[in-house]
Amino acid sequence: MTSRPWAKVSNFQKFREKLVVKALLVCASISILTTLGIIFILMEESVQFFSHISLFEFFGSTEWAPLFEPRSFGVLPLISGTMLIAFGALIFALPIGLGIAIYTSQYAQGWWQKILKPVLEILAGIPSVVYGYFAITQITPLLQALFDDVEVFNAASASIVIAIMVLPTIASICDDSLRAVPKTVKDGAYALGARKSEVIISIVVPSALSGILASFILAFSRAIGETMAVTLAAGGTPNMTLNPFEGVQAMTAYIAQVSLGDVAHGSLEYQSIFAVGLVLFLMTLAMNLLSQFIVKRYARKYE
Amino acid sequence: MPDRENRSVFKVNTERRRLKERIFTTTILVATIMALLVLVYLIASVTRDGAGSLSWDFLTSFPSRFASKAGIKSAIAGSMWLGALTLFFSVLFGVGAAVYLQELANKNRMSQVIELSIATLAGVPSIIYGMLGLGVFVRFMALGRSVLAGALTMSLLVMPVIIIASREALKSVPDSIRMAAFALGATRWQTVRDHVLPAAVPGIATGVILAMARAMGEAAPLILLGALTYVAFVPSGLFDGFTALPIQIYNWTSRPQQAFHELAAAGIIVLLIFLLICNSAAIFIRSKWGAKK
């Protein structure tokens, strides 16, 4: 081909062309197989689990004690543990993340603006096991110094490091959608005599609301699925509480705990991690679909 | 005229508005500075805790029950095996998928389903990939708790990242290049192989490097696969057991003794240096070749 680019396409070339396209289609199909594989694996073991444990007990009982007699499989403590940590993280991460995005998109200028975003994204690139270490060695001692009755493993510590982890996600997506608000819209407000902060609060932020909301939901979904930091910082005791200074066990932490131990394939404990995994998968899936829907449905289009 | 003042959206009350303005500006600046300080503090505290344990012996010793003798030889070897294999599988299939979707696919039901599943997979928690790997690679394909099973799982985990980055890179190759190749009678695949793909290499490489940085820091899927926390050997083949740096760090962090925390910090320094190199390489490639398009 290189010497005579105008040469007629031979039959062999046609055959090779088809072969290559088919091979690449196979590569692309792997993502379908992966999705189906995840659903199948989670369902397969969960079905066996639910043949022993009724859905009513799973979602109705408030005690999770799968490894000790008398056993009990009520998933609510795990869900509440996950939610306590995730909501705690969002309380810190949402306002700070949005604040950072407002600063980087509306105030920062020149080289400062150029380096600010990549530097903040370093926070997102740090592995979660490192955040777990940071939580145990720095955040928890700090909390214990500031407040009374803070347990060694506690939800607050996990919340704080997860907030740090998801900050760049929120800041980055909000930054993009704040930037997308056209100058003409802002100029209109300035012409009416508004100050910069007033323009941002009453014009720019509301205009970018769909992107901001989507970033919040995405951050929530990431907080739910976080494993290592949660396992290290919040501990492994299922505990249905709203007190952030107590230890809780998140869904991911339970899955990790069982996997680290020596649990036989086919046992009820083994199946239980897939049931918990299924709940986790469905929750994150719902969040991600919701954020995609919000972006598609409510994103403002400016001409 | 108080009545008129109240009706206007932006009130003329200058003093209060100026104060509000200042409070707002200060608040968001403080938020940004705080995030930067947290980053600096995190790195500083890890360096302070771990620098003392970092030595040649630490890099070349196997883990041990005694903190003073423990090292990360097997963890580094495991991570390298894992990284190399993951690189191979994820680039092969990830770039292949991106080329298909961006350059060759017709807009039919099939490619819609593929796009949907990629978008879905990008949001699946990493621990779920571990369960997939456990079910498919460790049990169904009977690869056992091997470094190959770990690498295949990691490849699936980072594939959405690579596909999305590669598609962006392919998208930014100007159409004039494709037109020129077609005009000379090149087939679609020839056009992609000889002209489009080479032009997209810097963008693809950047995405691949960032994906590898993510894979090297992940621990959750490996825990599911049963990567061992105490490994006193270096993997010598695809089917050997292994440990990885994040797993070793997790293991040391989860122990109560201070001495092991220092080892964990030293391990974290090694891991962060590796990630720093990856990120610098990505930024370098982007700045050197990125502007040409």
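How many residues does the contact take from chain A and from chain B? The contact (heavy atoms within 4.5 Å) takes 81 residues from chain A and 78 residues from chain B.

A note for all views: this is a predicted model, where local features need pLDDT of at least 70, side-chain atom pairs count only at pLDDT 80 or more, and totals for chains, interfaces and linings use all residues. Residues are numbered from 1 along each chain as its sequence is written, chains are lettered from A and ligands numbered from 1 in the order in which they are written, and side-chain values use heavy atoms, with hydrogens and water left out.

**View 1. The interface of chain A and chain B.** Between them, the two chains bury about 7000 Å², with 77% of it on carbon and sulfur atoms; buried area here is the accessible area (1.4 Å probe) that two parts lose on being put together, summed over both.

**View 2. The salt bridge across the interface.** The rule finds one salt bridge here, meaning a side-chain nitrogen of Lys or Arg within 4 Å of a carboxyl oxygen of Asp or Glu. Its partners are Arg17(B) and Glu198(A), at 2.7 Å, N to O. On the side of chain A that touches chain B, helix α1 (residues 11-52) of chain A gives the largest share, 19 residues. Helices are DSSP runs (H or I, at least four residues), numbered from the N terminus.

**View 3. Around Ile201(A).** This residue sits in helix α8 (residues 196-207) of chain A. Leaving aside residues up to four places away in sequence, Ile201(A) touches Pro206(A) and, over in the other chain, Phe24(B). Ala253(A) is 52 residues from Ile201(A) in sequence and 39 Å from it in space, C-alpha to C-alpha.

**View 4. Aromatic pairs.** Over all chains, the count comes to 16 aromatic pairs. Rings of Phe, Tyr and Trp (its six-membered ring) pair if their centres lie within 6.5 Å, and planes under 30 degrees apart count as stacked, over 60 as edge-to-face and the rest as tilted. Phe87(A) and Phe220(A) make a tilted pair, 5.1 Å centre to centre with 40° between the planes. Phe87(A) belongs to helix α3 (residues 76-107) of chain A and Phe220(A) to helix α9 (residues 209-225) of chain A, so the pair ties together parts 133 residues apart in sequence. Phe87(A) is partly exposed at 49% relative accessibility, while Phe220(A) is buried at 8% (buried is under 20% relative accessible area, exposed over 50%, partly exposed in between; 1.4 Å probe, protein chains only).

**View 5. An aromatic cluster in chain A.** Phe49(A), Phe50(A), Phe58(A), Phe59(A), Trp64(A), Phe73(A) and Tyr254(A) form one cluster.

Note on methods:
Helix = DSSP H or I, 4+ residues; strand = E, 2+ residues; numbered from the N terminus.
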